[in-house]
Amino acid sequence: MFRKLLAGILLLAATALPAAAQDSLEDTTFFMTFVPNVQFSQMYVGIEKGYFAKAGYNLELEYGNEPDGVELIAIGERQFGLIAGEQVIIARANERPVVSVYEWWQQYPIAIVTSAGSGIETPADLTGRNVGVPGRFGATYAGLVAFLGANDLTETDIELAEIGFNAPDVVCVGGVEAAAIYGNNEPLQIAQRVAAGECDAVDEVRLFFVSDYADLVSNGVVTNETMIAEQPERVAAMVAAFDRAVNDVINNPFEAYLIDEAYVDNLPLTDDLRVSLETASAEQAAFLESEPTAEAIAENREMLYQQIAAGFEPALTLQLQVLMETVRLWEAEQTGFADLSSWEVTQDTL
């Protein structure tokens with residue numbers, strides 16, 4: 001039964017096509033986790049560029065706790081949301097009719113961070129070490145469990161410490177020898193503190209990405225069985241609009257960062273940085289007109305980013321760097337697609 005469900009999920013995501021233009025827009029609240037952040041750039045780009053409107057949606061974003069979002073989608077009070085893969089499996093096990101229709105992060109974003117001077121050079125070196133995790137829940141814990149299992153270790157082989165959402169602080173003071181974190185964000189914070197001489201317990205950041213060892217399903221667009229059964233064309237339209245926005249951010253994160261300003265409070269953006277971003281955005285847009293390969297797009301994107309980073313203090317460009325690291329985890333030959341095997345690995349981990 002579960003295998004059939006997953007096959008259906010993959011088929012829907014793979015065959016999503018834009019719906020015809022709508023005469024009127026449907027007011028729709030899209031559930032988001034966390035808080036407004038550059039990591040949600042695709043939502044802001046999709047709204048500002050009219051992709052969701054062309055799909056027939058007048059979209060409002062709602063931020064809240066992930067379990068609440070799952071329940072709202074399950075009972076039909078919300079049609080769509082961004083939900084982690086493991087939460088979908090847990091919900092299905094509890095007979096909640098939620099369905100993942102688009103894998104947003106193509107690489108699971110969780111990583112194990114440690115200091116290069118810790119002596120932890122391989123996963124096996126975690127044996128007997130003190131490893132931090134926010135708690136025994138969520139993506140970080142699932143990622144750590146999968147990472148350990150993929151390397152013939154279990155939780156009993158390490159000393160697990162529940163440290164809350166304070167990994168950069170705890171790692172920098174030596175409270176743990178390693179920690180499970182979001183690899184696109186928290187390592188950058190630690191590295192910045194190291195460079196500023198504010199992280200005594202770390203000499204250089206070392207990362208082990210879970211995705212290099214275990215292919216787990218990450219966050220994605222989730223809807224419910226009723227929407228799929230009764231309004232499949234609207235689900236397909238949402239998926240297509242979301243995918244177009246994701247690829248826009250991948251291709252031109254400088255444009256996306258400028259759009260983010262209207263949605264993310266206190267986003268670092270001085271007049272000089274704005275000018276640099278506008279220049280980079282225009283250069284990247286011109287480059288894209290030549291229809292370059294994905295590899296060439298990534299190389300040009302990185303070159304432009306390095307030019308910007310060289311001209312500003314690291315603290316000012318930290319969120320831009322987070323966005324750059326994030327889009328690397330979104331990239332794939334076919335965005336939005338999740339292999340059946342990755343669902344099975346995630347289920348086995350749970």
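Visitor: What is the order of the strands in the open sheet of five strands?

Guide: First, the terms. Helices (H or I, at least four residues) and strands (E, at least two) are DSSP runs, numbered from the N terminus. Two strands pair if DSSP finds at least two bridges between them. In this predicted model, the order is β7-β6-β8-β5-β9, with mixed pairing. β7 and β9 (205-209) stand at the edges with a single partner strand each, so one side of each has no neighbour in the sheet. From one strand to the next, the twist averages 30°. Such angles run from 0 to 180 degrees between N-to-C directions, with axes as lines fitted to C-alpha atoms.

Visitor: What should I know about the model and its numbering?

Guide: Residues count from 1 along each chain as its sequence is written, and side-chain values use heavy atoms, without hydrogens and water. The model is predicted, so local features need pLDDT of at least 70 and side-chain atom pairs count only at pLDDT 80 or more, while totals for chains, interfaces and linings use all residues.

Visitor: How many bridges join β6 to β7?

Guide: Four bridges join β6 (residues 130-133) to β7 (residues 159-162), and the two run parallel. One example: V133 has E162 in β7 as its bridge partner. β6 also runs parallel to β8 (residues 178-182), joined by two bridges. There, G132 stands opposite A179 in β8.

Visitor: How many salt bridges does a search of the whole structure find?

Guide: Side chains of opposite charge can pair when their charged atoms come close. The search finds 14 salt bridges. Each has a side-chain nitrogen of Lys or Arg within 4 Å of a carboxyl oxygen of Asp or Glu. One of them joins R78 and E62 (2.6 Å, N to O). R78 lies in the loop between α4 (66-74) and β3 (80-83) and E62 in strand β2 (residues 57-64), so the pair ties together parts 16 residues apart in sequence.

Visitor: Which residues have the most contacts inside the largest nonpolar core?

Guide: In soluble globular proteins, nonpolar side chains tend to be buried together. A nonpolar core is a set of buried Ala, Val, Leu, Ile, Met, Phe, Trp, Tyr and Cys residues joined through side-chain atoms within 4.5 Å. The largest has 72 residues, and F30, M43, L82, W104, F242 and L277 have the most contacts inside it. Helix α10 (residues 232-251) gives the largest share of this core, 10 residues. A second, separate core of 23 residues includes I112, I120, I158 and A178.

Visitor: Which residues does L277 touch?

Guide: Contact means heavy atoms within 4.5 Å. Not counting residues up to four places away in sequence, L277 touches F254, Y257, L258, L269, I308 and L320.

Methods. Buried means under 20% relative accessible area, exposed over 50%, partly exposed in between (1.4 Å probe, protein chains only).
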